[in-house]
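Hello,

Here is the structure we talked about. Please open it alongside this note, and the findings follow below.

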2 protein chains.
Amino acid sequence: MESRVSSFAAAAAGQWKIVSVRTISGAGLAPASHLWIGAESGLPAAPAWVLRGSGSNLRYTTEQEVAGLTAVQEGLGRPAASAGALIPIRKSDAWWSLAQDRRRAIFEEQSRHIRIGLAYLPPIARKLFHARDLGEPFDFLTWFEFAPADAPAFDRLLAELRQTEEWRYVDREVEIRVERA
Amino acid sequence: MESRVSSFAAAAAGQWKIVSVRTISGAGLAPASHLWIGAESGLPAAPAWVLRGSGSNLRYTTEQEVAGLTAVQEGLGRPAASAGALIPIRKSDAWWSLAQDRRRAIFEEQSRHIRIGLAYLPPIARKLFHARDLGEPFDFLTWFEFAPADAPAFDRLLAELRQTEEWRYVDREVEIRVERA
(Lines give C-alpha, C1' and ligand atoms only; values in the text may rest on other atoms or scores of the structure.)
Protein backbone atom coordinates (compact mmCIF):
# COMPACT_ATOMS: atom_id res chain seq x y z
CA MET A 1 0.00 0.00 0.00
CA GLU A 2 1.59 3.24 -1.12
CA SER A 3 1.42 5.96 1.48
CA ARG A 4 0.31 9.45 0.52
CA VAL A 5 2.29 10.86 3.46
CA SER A 6 5.20 13.20 2.62
CA SER A 7 7.96 14.21 5.02
CA PHE A 8 9.53 17.67 5.23
CA ALA A 9 12.86 17.52 7.05
CA ALA A 10 15.20 20.30 8.17
CA ALA A 11 18.65 18.83 7.53
CA ALA A 12 22.19 19.40 6.25
CA ALA A 13 21.17 18.56 2.68
CA GLY A 14 17.99 18.68 0.63
CA GLN A 15 16.38 19.91 -2.58
CA TRP A 16 15.81 23.39 -1.08
CA LYS A 17 18.08 25.80 0.77
CA ILE A 18 16.44 27.43 3.80
CA VAL A 19 16.55 31.23 3.56
CA SER A 20 14.64 32.03 6.76
CA VAL A 21 12.56 30.44 9.53
CA ARG A 22 10.13 32.97 10.97
CA THR A 23 7.73 32.29 13.82
CA ILE A 24 4.37 33.97 13.22
CA SER A 25 2.54 32.58 16.28
CA GLY A 26 3.06 29.90 18.89
CA ALA A 27 6.25 27.86 19.27
CA GLY A 28 8.87 28.15 16.52
CA LEU A 29 11.03 25.60 14.73
CA ALA A 30 14.83 25.26 14.84
CA PRO A 31 16.81 26.69 11.93
CA ALA A 32 18.71 24.45 9.51
CA SER A 33 20.56 24.83 6.21
CA HIS A 34 18.30 22.75 3.96
CA LEU A 35 14.77 21.47 3.55
CA TRP A 36 14.43 17.92 2.32
CA ILE A 37 11.09 16.68 0.94
CA GLY A 38 10.27 13.04 0.26
CA ALA A 39 8.98 9.73 1.58
CA GLU A 40 9.79 8.80 5.17
CA SER A 41 11.93 5.84 4.02
CA GLY A 42 14.49 8.22 2.47
CA LEU A 43 14.85 10.67 5.38
CA PRO A 44 18.28 12.31 5.74
CA ALA A 45 20.37 11.60 8.87
CA ALA A 46 19.91 13.65 12.07
CA PRO A 47 17.26 16.11 10.91
CA ALA A 48 16.57 19.13 13.17
CA TRP A 49 12.87 18.38 12.73
CA VAL A 50 10.57 16.36 10.51
CA LEU A 51 7.00 17.36 9.69
CA ARG A 52 4.67 14.90 7.99
CA GLY A 53 1.50 15.56 6.02
CA SER A 54 -0.88 13.67 3.78
CA GLY A 55 -1.87 14.86 0.31
CA SER A 56 -5.57 14.38 0.95
CA ASN A 57 -8.97 15.36 -0.44
CA LEU A 58 -10.27 18.94 -0.30
CA ARG A 59 -12.39 19.60 2.78
CA TYR A 60 -14.31 22.81 1.98
CA THR A 61 -14.08 23.48 -1.75
CA THR A 62 -17.29 23.23 -3.78
CA GLU A 63 -17.53 21.76 -7.27
CA GLN A 64 -17.81 25.23 -8.78
CA GLU A 65 -14.77 26.46 -6.85
CA VAL A 66 -12.74 23.41 -7.90
CA ALA A 67 -13.58 24.18 -11.54
CA GLY A 68 -12.46 27.80 -11.08
CA LEU A 69 -9.17 26.76 -9.49
CA THR A 70 -8.47 23.98 -11.98
CA ALA A 71 -8.97 26.34 -14.92
CA VAL A 72 -6.10 28.60 -13.90
CA GLN A 73 -3.72 26.82 -11.54
CA GLU A 74 -0.34 25.42 -12.58
CA GLY A 75 1.47 22.48 -11.05
CA LEU A 76 4.52 22.29 -8.82
CA GLY A 77 7.99 21.87 -10.32
CA ARG A 78 7.90 24.75 -12.84
CA PRO A 79 11.53 25.54 -13.77
CA ALA A 80 11.07 29.29 -13.15
CA ALA A 81 9.57 28.67 -9.70
CA SER A 82 12.87 28.58 -7.82
CA ALA A 83 11.50 30.21 -4.67
CA GLY A 84 9.33 28.37 -2.18
CA ALA A 85 7.84 28.37 1.27
CA LEU A 86 6.62 25.79 3.75
CA ILE A 87 4.02 27.14 6.16
CA PRO A 88 2.92 24.75 8.90
CA ILE A 89 -0.11 25.94 10.87
CA ARG A 90 -2.16 24.64 13.76
CA LYS A 91 -5.72 25.70 14.52
CA SER A 92 -7.23 25.95 17.99
CA ASP A 93 -9.58 23.49 19.70
CA ALA A 94 -12.29 26.15 19.25
CA TRP A 95 -11.94 25.73 15.47
CA TRP A 96 -12.02 21.94 15.52
CA SER A 97 -15.06 21.83 17.74
CA LEU A 98 -17.06 23.82 15.18
CA ALA A 99 -19.41 21.89 12.88
CA GLN A 100 -18.57 21.55 9.18
CA ASP A 101 -21.00 24.27 8.02
CA ARG A 102 -19.64 26.77 10.57
CA ARG A 103 -16.02 26.06 9.56
CA ARG A 104 -16.91 26.39 5.87
CA ALA A 105 -18.70 29.70 6.52
CA ILE A 106 -15.70 31.17 8.34
CA PHE A 107 -13.26 29.71 5.79
CA GLU A 108 -14.89 31.06 2.65
CA GLU A 109 -18.05 33.14 3.13
CA GLN A 110 -16.35 35.28 5.83
CA SER A 111 -12.63 34.90 5.12
CA ARG A 112 -12.65 34.28 1.34
CA HIS A 113 -9.74 31.88 1.68
CA ILE A 114 -10.36 30.23 -1.71
CA ARG A 115 -11.01 33.54 -3.45
CA ILE A 116 -7.84 35.12 -2.05
CA GLY A 117 -5.72 32.15 -3.18
CA LEU A 118 -7.38 32.21 -6.61
CA ALA A 119 -6.37 35.84 -7.12
CA TYR A 120 -2.70 34.82 -6.92
CA LEU A 121 -2.96 31.97 -9.43
CA PRO A 122 -1.16 30.87 -11.49
CA PRO A 123 2.01 32.62 -10.20
CA ILE A 124 1.78 31.19 -6.65
CA ALA A 125 1.39 27.41 -6.93
CA ARG A 126 0.61 25.53 -3.75
CA LYS A 127 -0.20 22.13 -2.32
CA LEU A 128 -1.90 21.42 0.99
CA PHE A 129 -0.93 18.52 3.22
CA HIS A 130 -3.16 17.42 6.11
CA ALA A 131 -1.31 16.55 9.30
CA ARG A 132 -3.84 16.61 12.12
CA ASP A 133 -5.02 13.01 11.80
CA LEU A 134 -1.39 11.87 11.88
CA GLY A 135 -0.97 13.19 15.43
CA GLU A 136 1.52 15.79 14.18
CA PRO A 137 2.32 19.07 16.03
CA PHE A 138 0.72 21.06 13.18
CA ASP A 139 -2.68 20.53 11.52
CA PHE A 140 -1.67 21.57 7.98
CA LEU A 141 1.49 22.04 5.97
CA THR A 142 1.12 24.28 2.93
CA TRP A 143 3.86 24.18 0.33
CA PHE A 144 4.22 27.08 -2.12
CA GLU A 145 6.37 27.54 -5.26
CA PHE A 146 6.81 30.76 -7.23
CA ALA A 147 9.34 32.75 -9.28
CA PRO A 148 11.57 35.07 -7.20
CA ALA A 149 9.97 38.05 -8.97
CA ASP A 150 6.62 37.01 -7.49
CA ALA A 151 7.87 37.12 -3.89
CA PRO A 152 6.15 40.49 -3.23
CA ALA A 153 2.84 39.02 -4.45
CA PHE A 154 3.39 36.03 -2.15
CA ASP A 155 3.94 38.42 0.78
CA ARG A 156 0.64 40.14 -0.03
CA LEU A 157 -1.17 36.78 -0.19
CA LEU A 158 0.10 35.89 3.30
CA ALA A 159 -0.80 39.33 4.66
CA GLU A 160 -4.34 39.07 3.27
CA LEU A 161 -4.91 35.61 4.75
CA ARG A 162 -3.51 36.58 8.14
CA GLN A 163 -6.04 39.40 8.43
CA THR A 164 -9.04 37.09 8.02
CA GLU A 165 -11.52 35.84 10.59
CA GLU A 166 -10.25 32.31 9.88
CA TRP A 167 -6.76 33.25 11.07
CA ARG A 168 -8.12 34.13 14.53
CA TYR A 169 -8.28 30.36 14.98
CA VAL A 170 -4.62 29.81 14.02
CA ASP A 171 -2.61 29.36 17.21
CA ARG A 172 0.71 28.23 15.75
CA GLU A 173 2.29 29.27 12.46
CA VAL A 174 5.86 29.17 11.17
CA GLU A 175 6.99 30.54 7.80
CA ILE A 176 9.97 28.76 6.24
CA ARG A 177 11.22 30.49 3.09
CA VAL A 178 13.44 28.50 0.73
CA GLU A 179 15.15 28.64 -2.65
CA ARG A 180 16.01 25.74 -4.91
CA ALA A 181 19.41 24.26 -3.92
CA MET B 1 2.43 15.25 21.89
CA GLU B 2 -0.35 12.77 22.54
CA SER B 3 -1.53 10.99 19.43
CA ARG B 4 -5.22 10.68 18.71
CA VAL B 5 -4.53 7.51 16.70
CA SER B 6 -6.07 4.27 18.01
CA SER B 7 -5.05 0.78 16.94
CA PHE B 8 -7.45 -2.13 16.46
CA ALA B 9 -5.56 -5.44 16.45
CA ALA B 10 -6.74 -8.99 15.74
CA ALA B 11 -4.81 -11.05 18.27
CA ALA B 12 -4.85 -13.93 20.77
CA ALA B 13 -6.01 -11.63 23.56
CA GLY B 14 -7.95 -8.39 23.84
CA GLN B 15 -10.89 -6.61 25.45
CA TRP B 16 -13.32 -8.10 22.93
CA LYS B 17 -13.91 -11.65 21.67
CA ILE B 18 -14.39 -11.87 17.90
CA VAL B 19 -17.69 -13.57 17.04
CA SER B 20 -17.49 -13.27 13.25
CA VAL B 21 -15.51 -11.62 10.45
CA ARG B 22 -17.69 -11.11 7.39
CA THR B 23 -16.52 -9.62 4.11
CA ILE B 24 -19.19 -7.35 2.62
CA SER B 25 -17.16 -6.09 -0.38
CA GLY B 26 -13.56 -6.13 -1.59
CA ALA B 27 -10.76 -8.04 0.14
CA GLY B 28 -11.49 -9.57 3.55
CA LEU B 29 -9.51 -9.73 6.78
CA ALA B 30 -8.08 -12.83 8.50
CA PRO B 31 -10.05 -14.27 11.44
CA ALA B 32 -8.67 -14.17 14.98
CA SER B 33 -9.93 -14.93 18.47
CA HIS B 34 -9.82 -11.43 19.98
CA LEU B 35 -9.93 -7.75 19.11
CA TRP B 36 -7.55 -5.53 21.03
CA ILE B 37 -8.07 -1.75 21.07
CA GLY B 38 -5.53 0.76 22.34
CA ALA B 39 -2.50 2.91 21.62
CA GLU B 40 0.13 1.56 19.22
CA SER B 41 2.72 1.40 22.02
CA GLY B 42 0.76 -1.36 23.78
CA LEU B 43 0.07 -3.60 20.76
CA PRO B 44 -0.17 -7.34 21.52
CA ALA B 45 2.41 -9.71 20.01
CA ALA B 46 1.98 -11.18 16.50
CA PRO B 47 -1.39 -9.69 15.58
CA ALA B 48 -3.13 -11.13 12.49
CA TRP B 49 -3.75 -7.52 11.41
CA VAL B 50 -3.69 -4.02 12.86
CA LEU B 51 -5.91 -1.20 11.64
CA ARG B 52 -5.26 2.37 12.75
CA GLY B 53 -7.58 5.34 12.80
CA SER B 54 -7.68 8.86 14.18
CA GLY B 55 -10.53 10.20 16.31
CA SER B 56 -10.89 13.35 14.25
CA ASN B 57 -13.32 16.20 13.59
CA LEU B 58 -16.67 15.68 11.84
CA ARG B 59 -16.46 16.28 8.08
CA TYR B 60 -20.09 16.72 6.96
CA THR B 61 -22.25 17.34 10.00
CA THR B 62 -23.85 20.77 10.38
CA GLU B 63 -24.24 22.64 13.64
CA GLN B 64 -27.96 21.81 13.75
CA GLU B 65 -27.26 18.14 13.14
CA VAL B 66 -24.56 18.07 15.83
CA ALA B 67 -27.09 19.52 18.29
CA GLY B 68 -29.62 16.83 17.34
CA LEU B 69 -27.08 14.04 17.81
CA THR B 70 -25.64 15.42 21.03
CA ALA B 71 -29.09 15.67 22.59
CA VAL B 72 -29.74 11.93 22.35
CA GLN B 73 -26.50 10.01 21.97
CA GLU B 74 -24.82 8.09 24.77
CA GLY B 75 -21.11 7.40 25.16
CA LEU B 76 -19.09 4.25 24.72
CA GLY B 77 -18.43 1.93 27.65
CA ARG B 78 -22.01 1.48 28.90
CA PRO B 79 -22.06 -1.68 31.09
CA ALA B 80 -25.09 -3.12 29.24
CA ALA B 81 -23.44 -2.60 25.85
CA SER B 82 -21.59 -5.91 25.78
CA ALA B 83 -21.95 -6.41 22.01
CA GLY B 84 -19.90 -4.49 19.50
CA ALA B 85 -18.77 -4.26 15.90
CA LEU B 86 -15.82 -2.82 14.03
CA ILE B 87 -16.63 -1.95 10.43
CA PRO B 88 -13.69 -0.75 8.32
CA ILE B 89 -14.69 0.69 4.95
CA ARG B 90 -12.88 2.15 1.98
CA LYS B 91 -14.46 4.46 -0.57
CA SER B 92 -13.55 4.60 -4.25
CA ASP B 93 -11.36 7.15 -6.04
CA ALA B 94 -14.58 8.41 -7.65
CA TRP B 95 -15.83 9.42 -4.19
CA TRP B 96 -12.63 11.14 -3.17
CA SER B 97 -12.39 13.13 -6.37
CA LEU B 98 -15.81 14.69 -5.69
CA ALA B 99 -15.85 18.21 -4.25
CA GLN B 100 -16.99 18.76 -0.63
CA ASP B 101 -20.50 19.96 -1.56
CA ARG B 102 -21.10 16.94 -3.83
CA ARG B 103 -19.93 14.50 -1.15
CA ARG B 104 -22.10 16.22 1.47
CA ALA B 105 -25.12 16.06 -0.86
CA ILE B 106 -24.71 12.33 -1.47
CA PHE B 107 -23.92 11.67 2.21
CA GLU B 108 -26.94 13.39 3.72
CA GLU B 109 -29.39 14.98 1.30
CA GLN B 110 -29.50 11.81 -0.85
CA SER B 111 -28.45 9.04 1.53
CA ARG B 112 -29.62 10.45 4.89
CA HIS B 113 -26.61 8.96 6.62
CA ILE B 114 -26.89 11.20 9.69
CA ARG B 115 -30.67 10.83 9.89
CA ILE B 116 -30.47 7.02 9.67
CA GLY B 117 -27.85 6.88 12.45
CA LEU B 118 -29.90 9.26 14.59
CA ALA B 119 -32.93 6.95 14.40
CA TYR B 120 -30.92 4.24 16.18
CA LEU B 121 -29.71 6.48 19.02
CA PRO B 122 -29.18 6.05 21.88
CA PRO B 123 -29.17 2.21 21.72
CA ILE B 124 -26.46 1.98 19.04
CA ALA B 125 -23.47 4.08 20.20
CA ARG B 126 -20.67 4.63 17.72
CA LYS B 127 -17.39 6.37 17.15
CA LEU B 128 -15.79 7.14 13.81
CA PHE B 129 -12.04 6.94 13.21
CA HIS B 130 -10.47 8.47 10.09
CA ALA B 131 -7.78 6.32 8.50
CA ARG B 132 -7.29 7.61 4.94
CA ASP B 133 -4.70 10.29 5.75
CA LEU B 134 -2.68 7.68 7.66
CA GLY B 135 -2.09 5.70 4.44
CA GLU B 136 -4.14 2.83 5.86
CA PRO B 137 -5.86 0.14 3.70
CA PHE B 138 -9.28 1.46 4.80
CA ASP B 139 -10.55 5.06 4.83
CA PHE B 140 -12.72 4.79 7.97
CA LEU B 141 -13.13 2.51 10.95
CA THR B 142 -16.48 2.74 12.69
CA TRP B 143 -16.79 1.24 16.14
CA PHE B 144 -20.24 0.38 17.52
CA GLU B 145 -21.42 -0.70 21.00
CA PHE B 146 -24.90 -1.93 21.91
CA ALA B 147 -26.78 -4.33 24.18
CA PRO B 148 -27.17 -7.86 22.76
CA ALA B 149 -30.96 -7.30 22.66
CA ASP B 150 -30.38 -4.44 20.20
CA ALA B 151 -28.49 -6.62 17.69
CA PRO B 152 -31.54 -6.85 15.37
CA ALA B 153 -31.78 -3.05 15.34
CA PHE B 154 -28.08 -2.86 14.53
CA ASP B 155 -28.63 -5.26 11.62
CA ARG B 156 -31.39 -2.99 10.30
CA LEU B 157 -29.14 0.07 10.61
CA LEU B 158 -26.46 -1.63 8.51
CA ALA B 159 -29.02 -2.81 5.95
CA GLU B 160 -30.41 0.73 5.60
CA LEU B 161 -27.00 2.30 5.11
CA ARG B 162 -25.89 -0.33 2.60
CA GLN B 163 -28.88 0.48 0.38
CA THR B 164 -27.96 4.15 0.05
CA GLU B 165 -26.47 6.05 -2.87
CA GLU B 166 -23.43 6.75 -0.65
CA TRP B 167 -22.70 3.03 -0.36
CA ARG B 168 -22.28 2.76 -4.14
CA TYR B 169 -18.92 4.43 -3.48
CA VAL B 170 -17.85 1.86 -0.87
CA ASP B 171 -15.48 -0.58 -2.54
CA ARG B 172 -14.23 -2.47 0.53
CA GLU B 173 -16.12 -3.29 3.69
CA VAL B 174 -15.59 -5.88 6.42
CA GLU B 175 -17.94 -6.45 9.36
CA ILE B 176 -16.28 -7.70 12.54
CA ARG B 177 -18.79 -8.59 15.26
CA VAL B 178 -17.53 -8.89 18.83
CA GLU B 179 -18.66 -9.41 22.41
CA ARG B 180 -16.99 -8.18 25.56
CA ALA B 181 -14.31 -10.69 26.66
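A:Glu63 is partly exposed, at 44% relative accessibility. Its partner is in the other chain: A:Glu63 and B:Arg102 meet in a salt bridge, N to O at 3.9 Å. A:Glu63 sits in helix 1 (residues 63–72) of chain A and B:Arg102 in helix 3 (residues 100–110) of chain B, so this pair joins two chains. B:Arg102 is partly exposed too, with a relative accessible area of 28%. Keep in mind that this is a predicted model.

Next, the two chains. Chain A superposes on chain B by a rotation of 180°, with 0.0 Å of shift along the axis and an RMSD of 0.0 Å. The copies are thus related as by a two-fold rotation axis. They meet through the same surface, because 100% of the interface residues of chain A are also interface residues in chain B.

Now the pairs inside each chain. In chain A, A:Arg78 and A:Glu74 form a salt bridge, with their closest N and O atoms 3.0 Å apart. A:Arg78 is buried at 17%, since buried means under 20% relative accessible area. A:Glu74 is partly exposed at 43%.

In chain B, B:Glu74 and B:Arg78 form a salt bridge, again with 3.0 Å between the closest N and O atoms. B:Glu74 is partly exposed at 41% relative accessibility. B:Arg78 is buried at 18%.

There is also a network in chain A. Salt bridges with shared partners link A:Arg22, A:Asp155, A:Arg162, A:Glu173, A:Glu175 and A:Arg177. Over all chains, the count is 36 salt bridges.

Best wishes

Notes
Residues numbered from 1 in each chain as written. Chains lettered and ligands numbered in written order. Predicted model: local features only at pLDDT ≥ 70, side-chain atom pairs only at ≥ 80, totals over all residues. Heavy atoms only, no water. Least-squares fit on C-alpha atoms with pLDDT ≥ 70 in both. Contact = heavy atoms within 4.5 Å. Salt bridge = Lys/Arg side-chain N within 4 Å of Asp/Glu carboxyl O. Helix = DSSP H or I, 4+ residues; strand = E, 2+ residues; numbered from the N terminus. Buried < 20%, exposed > 50% of the residue type's maximum accessible area, 1.4 Å probe, protein only.
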